[in-house]
Amino acid sequence: MIVSVMRLPKFVMAGLLLIGSLCHAQVYQGTQLVRASLLADQTGIVPGQPITIGLELQTAPGWHTYWEYPGDAGIPTRIDWKLPAGFAAGPIQWPVPARDDEPGDIVNYIYPGDVLLPVEIQTPAGLKPGQTVTINAHAAWLVCKDLCVPGKADVSITLPVVAASQPANGDLFTDTRAELPMKGVPPFTASWSRQGQALVLHLGGLEPQATFDFFPLPGDVQIGHPQVMPPTVNVPLLDAKATPDSIDGVVVLRARDGSSQVWQLPSAKPSASISAVGARGVASSGQSSLFYWLGLGFVGGLILNVMPCVLPVIALKIFGFIKQAGESPRRILALGFTFVGGIFAWFFFLAALIVSFKLAGHQLNWAFQFQHPAFVAVMVVILLLFALNLLGIFEIVLPGRLQAKVYDAAGGEGYAGTFWHGVFATLMATPCTAPFLGSALGFALAAPAPTVFAMFGSIAAGMSSPYAVLAIKPAWLRYLPKPGIWMVRVKQALGVLLMGTVVWLGWVLVEQLTPRTDTFPAELASALAKHQIVFVDFTADWCVNCKVNEHLVLDSGPVQDAFKQKGVILVKADWTRGDEDITAYLRKYGRAGVPCYVVFSPDGRPTVLPEVITKDIVLDALSQAAS
Amino acid sequence: MKTRLTLLLAFVSATAFAAPQPGDPAPNFSLTDVNGQSHSLADYKGKYVVLEWNNPGCPFVHKHYDSGNMQNLQKQAESRGVIWLTVNSGAAGRQGATTNEIKGFLSSEHAAPTAYLIDSEGKVGRLYGARTTPDMYIIGPNGKLIYDGAIDNKPTPDPEDIPGATNYVKAALEESMAGKPVEVTTSKPYGCSVKYGGTD
């Protein structure tokens, strides 16, 4: 066996800056097996700022190197850094591997082709622009095909010290980061139990036919081959004396449309910070089932009633109830349930739409209807009619018969009017992803048809429950104020409020019709390359909850101060028109819609925050990302 | 298709699970050595037996042979009456499985096992759940498994790591022969995969 190492200097021009990288080829019996080199994600080192250096192993076709846990055979790639004083290297950030089954029940976790192993390097603040820094590392790996050949190389990279750097090797680092496990609260629950000579991992909150892969990180625990049988993973323990409660691992969730998410399994011992993150933290701490999600949907639906974007419309209906207080209980019951029927009708219509789109193989997202200008335009007209009606202008503008028809359809107090009120209230509700609803919807959008209907039904039930209660117990209406002249004033006030909504939707429409290019993925990539905390605000013009969060939390003094103090880079992902790139990112973080907030630590690991954020949640997430 | 795969996985994993654990009776087997002579585990009842999985082409095997580490262990053990059976479960046509390669390896490395057994069908390898080369097993005089796993605690192909490593096989043999409980009875073996035949 002959293993010789060749030295090939390689120079890369990036802008005006020269980046020197010394790369090595591992040659075995005349064939180059591995080419090793160091790559940086920036064109230069900014004093005191971290930089990510990746060991790139380019392997010959058919040959593979190994993951952090190599499986039955093989060994993981190792990097020993030789850094100048004041520099410090973090751990290897391992992209998700592939599972390789060999004859004889041998399972390995491998990188079947080229791989980049990123490592974050801390740099000292005392560097002076104009200097150059050489970073050296000794890398050792095992490369196998049918046979194995160990390889090692001394690799180095020389970087200029600069005042400001540009991203380098963007695609390679972006692609690799997409394969790194995400930390934070995943869109599933994980619980471990011991069953005889095996540990059983149960993933809750997945669709029944969900597919996922599990890549174990057993540490010192000796394990057999994890068997994935959704929703469980059976991990045989090879040492009868071992008593672990759980092992670490990586879960790759695969959606039917081929998209996937890589999640680091949450630690079995729930940390205080995760449970403090709120609704989704609750989901991760225990076992869950469809009923859990349905319950969440119900509560979410109930809360929708007080969300900023529904409130004006709901006020309308409450108003209607007050007016009806004098009428017969039977009529109130009938009207109440007509309204509820309207709510259910819209939600089931949405569910049917989602199921049919899914059957046709399309990707859908929540509030998708608000991304189409035509829909927004129609909504503007309808709401304008509502508002004019409330303001008492309606009657003057339209001739008698048409007015009666439209009034009856849009704002009348009859059954049809009430039904449509229910529909419109819900229509307005959809862009507001209420607390709890975000994760529940994320779950529903990925679920099979019956679950989608059950889920939307339970949201509808939650949203309509106050009206159902009032319709059944009209006596409780007496707790609402008596009709009188004040009603005209309130009606006008509501009309003004609704006009506000019309103006806002009109603005959304203008925004949607204005040509714009989406720069989010590029912005995110260049932000991540700077190795600071990155805060991504997924928002949309039509998302009132987003605006409320931005106004009350993100723009608040303490949060703004923390952003400044920690050098947080803010990236806005504007989903007003439902750009597919942003949709893909939302799905990656287990979300169906906005608001969605993702905090990246300087080493590029994302944490997903809940839909409704508080200052504390954001500040906690920032300090966690900083640590 | 998916069901079949799941069943297959379940079956495969069940077979892996049936491999003996330390404390279990070591299953009997009979194999022919590289010189054509037949050996049965039952022949060595009442003696310590070491099973060493081997592939003459594997760099991890070379780590322990080129450095003399494995031969020293063999000689030390055999001087105390231990039977050392080196086993090659590589299938015909895969790396390190021809008689010529094996004989060349034994002579050039001055290897000194009691016998070098040929298991080209992989039956004994699968029976014991051998996964890597090297993968080490110790069977006590009572016929029970004392140790299975790696040769030492430094899973690298680098011979320079041998002097600082704890040799689990040496330690288990010494402890067991001294009548003491064996501290490490199992560890994760490291090395190349055993080059079994057949498809998955």
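Two residues are in contact here if their C-beta atoms, placed from the backbone, lie within 7 Å. Keep that in mind as you open the model, which is predicted: local features need pLDDT of at least 70 and side-chain atom pairs count only at pLDDT 80 or more, while totals for chains, interfaces and linings use all residues. Residues are numbered from 1 along each chain as its sequence is written, with chains lettered from A and ligands numbered from 1 in the order in which they are written.

**Stop 1: the two chains**

Colour by chain and start with chain B. Of its contacts with a separation of 6 or more, 75% are between residues 24 or more positions apart. Chain B has 6 helices and 9 strands; these are DSSP runs numbered from the N terminus, helices being H or I of at least four residues and strands E of at least two. Buried residues make up 44% of its 200 residues. A residue counts as buried if 20 or more other C-beta atoms lie within 10 Å of its own, exposed if 12 or fewer, and partly exposed in between, with C-beta atoms placed from the backbone.

Now switch to chain A, where you will find 18 helices and 23 strands. Of its 627 residues, 47% are buried.

**Stop 2: where the chains touch**

Show both chains together. Here 35 residues of chain B are in contact with 26 residues of chain A. On the chain B side, α1 (2–17), α5 (123–128) and β9 (192–193) each supply at least two residues. The largest share, 8 residues, comes from α1(B).

**Stop 3: the nonpolar cores**

Next, select A:L55, B:V50, B:I138 and B:V169. Among the 106 residues of the largest nonpolar core, these four touch the most other members. Such a core is a set of buried Ala, Val, Leu, Ile, Met, Phe, Trp, Tyr and Cys residues joined through C-beta atoms within 7 Å. Strand β11 (residues 132–144) of chain A gives the largest share of this core, 7 residues. Domain 1 (3–177) and domain 2 (189–271) of chain A both contribute residues, so the core lies between them; the domain bounds come from an automatic or database domain assignment.

Zoom in on B:I138. Leaving out residues up to four places away in sequence, B:I138 touches B:Y48, B:V50, B:I146, B:Y147, B:V169, B:A172 and B:L173. A second, separate core has 51 residues, including A:L383, A:V568, A:W575 and A:A592.

**Stop 4: B:Y128 in chain B**

Select B:Y128, which is in helix α5 of chain B. Is B:Y128 buried or exposed? B:Y128 is buried, because 23 other C-beta atoms lie within 10 Å. Its contacts, apart from neighbours within four places in sequence, are B:A19, B:P20, B:L51 and B:Y137.

Then move to B:P134, in the loop between β6 (132–133) and β7 (136–139) of chain B. The peptide bond from B:T133 to B:P134 is cis, with omega near -5°.

**Stop 5: strand β17 of chain A**

Select residues 232–236 of chain A.

A hairpin links β16(A) to β17(A) through 2 residues. In that loop is A:P231, and the peptide bond from A:P230 to A:P231 is cis, with omega near 5°.

**Stop 6**

Finish at residues 520–528 of chain A, helix α14, whose buried residues are A:L524, A:A527 and A:L528. Look down the helix axis: these buried residues fall within an arc of 95°, so they line one face of the helix. The arc is that of the directions from the helix axis to the C-beta atoms. They pack against α1 (170–178), β20 (534–539), β21 (569–574) and β22 (596–600) of chain A.

Step on to A:H531, in the loop between α14 and β20 of chain A. A:H531 has a positive phi of about 60° although it is not a glycine. A:H531 counts as buried, because it has 26 C-beta neighbours inside 10 Å.

Technical notes
Two strands pair if DSSP finds at least two bridges between them.
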